[in-house]
Amino acid sequence: MLIFLPRLAVKDPTAVERANLLNMAKLSIKGLIESALSFGRTLDSDYPPLQQFFVVMEHCLKHGLKVRKSFLSYNKTIWGPLELVEKLYPEAEEIAASVRDLPGLKTPLGRARAWLRLALMQKKMADYLRCLIIQRDLLSEFYEYHALMMEEEGAVIVGLLVGLNVIDANLCVKGEDLDSQVGVIDFSMYLKNDDDIGSKERNVQISAILDQKNYVEELNRQLNSTVSSLHARVDSLEKSNTKLIEELAIAKNNIIKLQEENHQLRSENALILMKTQHHLEATKVDVEAELQTYKHSRQGLDEMYNEARRQLREESQLRQDIENELMVQVSMKHEIELAMKLLEKDIHEKQDTLIGLRQQLDEVKAINMEMYQKLQVSEDAMKEKNEIIGRLEDKTNQITATMKQLEQSDKDLLTQTRTIAMSFVKCAGSEAQHQYKLVKDISF
């Protein structure tokens, strides 16, 4: 016969630890508030319930704390998450700086204990820890996922800490040895007796009074922060309003000035436009007349240049033919060589003369371009243009005279060539006569 036993519910040990720590925090905070009300609500460092409260808070903050590897060993410290508060809550920078400046503290745990005591004296412990538990993504660097500060129990303890604002604590942190204290919870302080059972009504009244006082203090704190923010906003709005009024007046004055300047500039623009149109019409007539004159003068220069170019081409062709003929006769007689050397010398002189003519033609072109650029100048430049045209005519006459001299030198060269050919005929016989006929044909 089989007997089925009911399966016992297995509880999570971390959940049991969180529940026990929460209950201990409730008892510690409640006992501290009740004893402080009966004692006079101004506590010092030697008050046992206050010491037990710090021990319980230290255990709550250590629950689920990750083990960190230091330089020499592994350790657990609550100073890391508490030091993070100053980055989340700007008012906590002062308390963190004070803890770091204390001369007697050597360990991170001692700094954390001093931080808790200073936060209690400032009545800001609940506010600091509330900012810490909200940022769970940052707390995950210091706590495991099942830690008390990462779960709902941490939020409940922070809510209970608000009740400690009714207590005035006067603690001396500077001379106290916080590094070597042993945090042991004394459970005998929280065991109930007959007197505690008989004073239940008094406790209910005290808790109601404390709740009302906490509500009034919290409401007053929120109202003070709201009023200060409203005052700052009103001041900023008044400053911005005054600044905007000044800027508006300045802008109106600038608009009036700009309108006056715009009207003045438009009138000046109209006058300048009329003057410019008249000037353009007069300049256009002058330019057209100068263009006609330039076209006529340029046509004559182009004809002269083409004629000189044609003559140069003919002279070049003639020189080439004579050179070829003379090269054939070099091997016959020394006299023919001398005659050909003289002929080449004359031809080189002609080349120099032709180069000079080309330079003169380039000068004529340059003067022509200068005349074209000066067409847009006023009527005062007309005299200079007439002088330039006179110089061009003189140079043209010089070119014509030079061309005539070239023609005369060509005739002399032909006569000389014929004389040389006749002498060569006497010396060379029939072959020279044949060459003479060729030269004669070339000359004709």
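These questions and answers walk through a predicted model of one protein chain.

Student: How many helices and strands make up the secondary structure of the chain?
Tutor: Start with the whole chain. Of its 444 residues, 30% count as buried. The secondary structure comes to 14 helices and 4 strands.

Student: Among contacts between residues at least 6 apart in sequence, what share joins residues at least 24 apart?
Tutor: Take the contacts in the chain between residues at least 6 apart. Those joining residues at least 24 apart come to 75%.

Student: Which residues of helix 5 are buried, and where do they sit around the axis?
Tutor: Helix 5 spans residues 93–101, and its buried residues are Ile95, Ala96 and Val99. They cover an arc of only 100 degrees around the axis, which puts them on the same side of helix 5. An α-helix has 3.6 residues a turn, so residues three or four places apart point the same way. The buried side is therefore the one with Ile95, Ala96 and Val99.

Student: Which exposed residues lie on the face turned away from the buried side of helix 5?
Tutor: First, the buried side. Its residues pack against helix 3 (79–83), helix 4 (85–88), helix 6 (108–122) and helix 7 (125–134). The face turned away carries the exposed residues Glu94 and Asp101.

Student: Is the tyrosine 89 and tyrosine 128 pair stacked or edge-to-face?
Tutor: A search of the whole structure finds 3 aromatic pairs. In this one, the ring centres are 5.3 Å apart and the planes stand at 75 degrees. Planes over 60 degrees apart count as edge-to-face. So the pair of tyrosine 89 and tyrosine 128 is edge-to-face.

Student: What is the angle between the planes of tryptophan 115 and tyrosine 128?
Tutor: Tryptophan 115 is in helix 6 and tyrosine 128 in helix 7. Their rings lie 5.7 Å centre to centre. The pair is tilted, with the planes at 45 degrees.

Student: Is tryptophan 115 buried or exposed?
Tutor: Buried means under 20% relative accessible area. Tryptophan 115 has 1% relative accessibility, so tryptophan 115 counts as buried.

Student: Which residues make the nonpolar surface patch of about 410 Å²?
Tutor: One member, tyrosine 215, is found in helix 11 (residues 200–329). Tyrosine 215 is exposed, with a relative accessible area of 56%. The patch is made by Tyr215, Val216, Leu219 and Leu223.

How values were computed
Residues are numbered from 1 along each chain as its sequence is written. This is a predicted model: local features need pLDDT of at least 70, side-chain atom pairs count only at pLDDT 80 or more; totals for chains, interfaces and linings use all residues. Side-chain values use heavy atoms; hydrogens and water are left out. Buried means under 20% relative accessible area, exposed over 50%, partly exposed in between (1.4 Å probe, protein chains only). Helices (H or I, at least four residues) and strands (E, at least two) are DSSP runs, numbered from the N terminus. The arc is that of the directions from the helix axis to the C-beta atoms. Contact means heavy atoms within 4.5 Å. Patches are made of residues with over 30% relative accessible area and no salt bridge: like charges are joined within 9 Å, nonpolar side chains (Val, Leu, Ile, Met, Phe, Trp, Tyr) within 5 Å. Accessible areas come from the Shrake-Rupley method with a 1.4 Å probe; for residues, only the protein chains shown count as cover. A salt bridge is a side-chain nitrogen of Lys or Arg within 4 Å of a carboxyl oxygen of Asp or Glu. Rings of Phe, Tyr and Trp (its six-membered ring) pair if their centres lie within 6.5 Å; planes under 30 degrees apart count as stacked, over 60 as edge-to-face and the rest as tilted.
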